[in-house]
Amino acid sequence: MNPLAVELNTVLDGSATGRLLSSLGRRLFFPRGIIAQSNEAKQLAPVRNATIGMAFHKGQPLILSAISDSMPTLTAKETVTYAPTAGVEEVRRAWKDSMVKKNPSMKPDEVTLPAAVPGITAGISYVADLFLDKTSTIIASDPCWDNYSLIFTERRCAKLRGVPFFGTGSGLDLAAIGAAIREEAKTGSVRIIFNFPNNPAGYSPTKAEADALVDIIRETAQGGADVLVICDDAYFGLFYEDDICRESLFGRLASLHEKVLAVKIDGPTKEDYVWGLRVAFLTFGSPGLKPEHQEALGKKLMGEIRSSVSCANTPAQYLILKVLSDPRTGAEKKANYELLRDRYRAVRAFISGNPAHPKLSPMPFNSGYFMSFRCNGLDAEVLRKKLLADHGIGAIALGPGILRVAFAALEKEQIPEIYRIIYDTAGKL
């Protein structure tokens, strides 16, 4: 094992983070090579810096007119330079400030400075590399985003334990979630991912459910198990009912117990309607993470980033900085939120205004982009193909039993007709 990795492991050993690391996580380190030496040169030799593979003229990076003309508000530095491995520090600090404003229960000193990663998918994959092995099990909702299987099972060879987070009731099946966590705790560690608002169900915990989830994690840690909780907050903020917990679980989990390592993966992708910019943020939090632990874990993450994509997209990061500082952003985001909430309400109105369908049962939904139907007595893939071939309606079949509909992608006026066709088509199959 590389001596730098050994050095970082020595710092982390004895903490929950150290015990939760995968074999790959233990091998990861940030090399003292080109990037590290370049960072030193930026500070100590800004004028005569011959370390990085970039070209400058009169202190500014070379840039083609086609690029500069297409991004008129960004400087050459903000457009074409390499970003630092963990992201542009000004952007990282601005994102952390925004996280704290959105999550008042978050204690800034107990969480790391977010690292910029090339999208939420990459962030989840990095965490999987750090903490999952072929001997690991991770709990997720069943159904869940299909990319979890690729990341956790195919890439990391871990066991993805699907738990029916949504039973036959109107909300979370806390008994099923708690039972799965307690069973995994018998092995000495628990790994779980919470995705709220959920994809594909479109559900977020109520305030009471959020309290219950935090209590389950606290009791598990108090019982002696190390707990890794990943908060996939891709759709954070799109809450459409008054009783929903308005904060990420991360804020409370990050200061819950020294045996709990909380990870928040979020970003502007959906929050700020910039799907194609491919930039997200990864933040760790735990009372057991001392400053030296934060530094060591950060270097392992930087080694992960360096060995895969080198760094996240530079102009995307600076564009997000402009979004966060632009006085127009608040009102525009509010208008976009209301647009999506109206589409949600149109779906609600259709379902409540029609008799229960014998073959389609809506899963609990109250937030996000989606809602899903459980298919009773028919195959979701057959229904999907029928809707597409006969009516030009696109939906997603998740296995034979779930049909997901992204109401966020539909105009409000389209929703009654489209859902009527879905009901009628399912009834004829």
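Tutor: P197 is placed in the loop between strand 6 (189-195) and helix 11 (207-222). Helices (H or I, at least four residues) and strands (E, at least two) are DSSP runs, numbered from the N terminus. The model is a predicted one, in which local features need pLDDT of at least 70 and side-chain atom pairs count only at pLDDT 80 or more, while totals for chains, interfaces and linings use all residues. Residues are numbered from 1 along each chain as its sequence is written, and side-chain values use heavy atoms, with hydrogens and water left out.

The peptide bond that joins F196 and P197 is cis, and its omega is about -10 degrees. A cis peptide bond also leads from D142 to P143, where omega is near 5 degrees. P143 belongs to the loop between strand 4 (137-141) and helix 9 (147-155).

Strand 4 deserves a word of its own. A residue is called buried under 20% relative accessible area, exposed over 50% and partly exposed in between (1.4 Å probe, protein chains only). Five of the five residues of strand 4 are buried, so the strand is largely enclosed by the rest of the structure. Two strands pair if DSSP finds at least two bridges between them. Strand 4 runs parallel to strand 5 (residues 159-163), to which five bridges join it, and A140 stands opposite G162 in strand 5.

Y273 is not a glycine, yet its phi is positive, near 60 degrees. This residue is found in the loop between helix 13 (268-271) and strand 9 (280-285), and at 17% relative accessibility it counts as buried. S310, likewise a residue other than glycine, has a positive phi near 75 degrees. S310 lies between helix 14 (291-306) and helix 15 (314-325), in the loop, and is partly exposed, with a relative accessible area of 21%.

In general, two packed helices are described by the angle between their axes and the distance between the axes. Axes are lines fitted to C-alpha atoms, for helices over the stretch in contact, and angles run from 0 to 180 degrees between N-to-C directions. Angles under 35 degrees count as roughly parallel, over 145 as roughly antiparallel, 65 to 115 as roughly perpendicular and the rest as oblique. A crossing is left-handed if the near helix is turned anticlockwise from the far one by less than a right angle, and right-handed if clockwise. Contact means heavy atoms within 4.5 Å. As for residue classes, Ala, Val, Leu, Ile, Met, Phe, Trp, Tyr, Cys and Pro count as nonpolar, Asp, Glu, Lys and Arg as charged, and the others, Gly among them, as polar.

Helix 7 (residues 89-102) packs with helix 15 at an angle of about 40 degrees, their axes being 9 Å apart. Helix 7 is therefore oblique to helix 15, and the crossing of the two is left-handed. Helix 7 contributes E90, V91, A94, W95 and S98 to the contact, and helix 15 contributes Q317, Y318, I320, L321 and L324. By class, the residues of this contact are seven nonpolar, two polar and one charged.

Another pair is formed by helix 17 (residues 380-391) and helix 18 (residues 415-428), whose axes come within 10 Å and cross at roughly 120 degrees. Helix 17 is thus oblique to helix 18, and it passes helix 18 in a right-handed crossing. From helix 17, L383, K386, L387 and H391 meet I421, I422, T425 and A426 of helix 18. Five nonpolar, two polar and one charged residues make up this contact.

Strand 10 and strand 11 (residues 371-375) run antiparallel and are joined by three bridges; S361 stands opposite R374 in strand 11.
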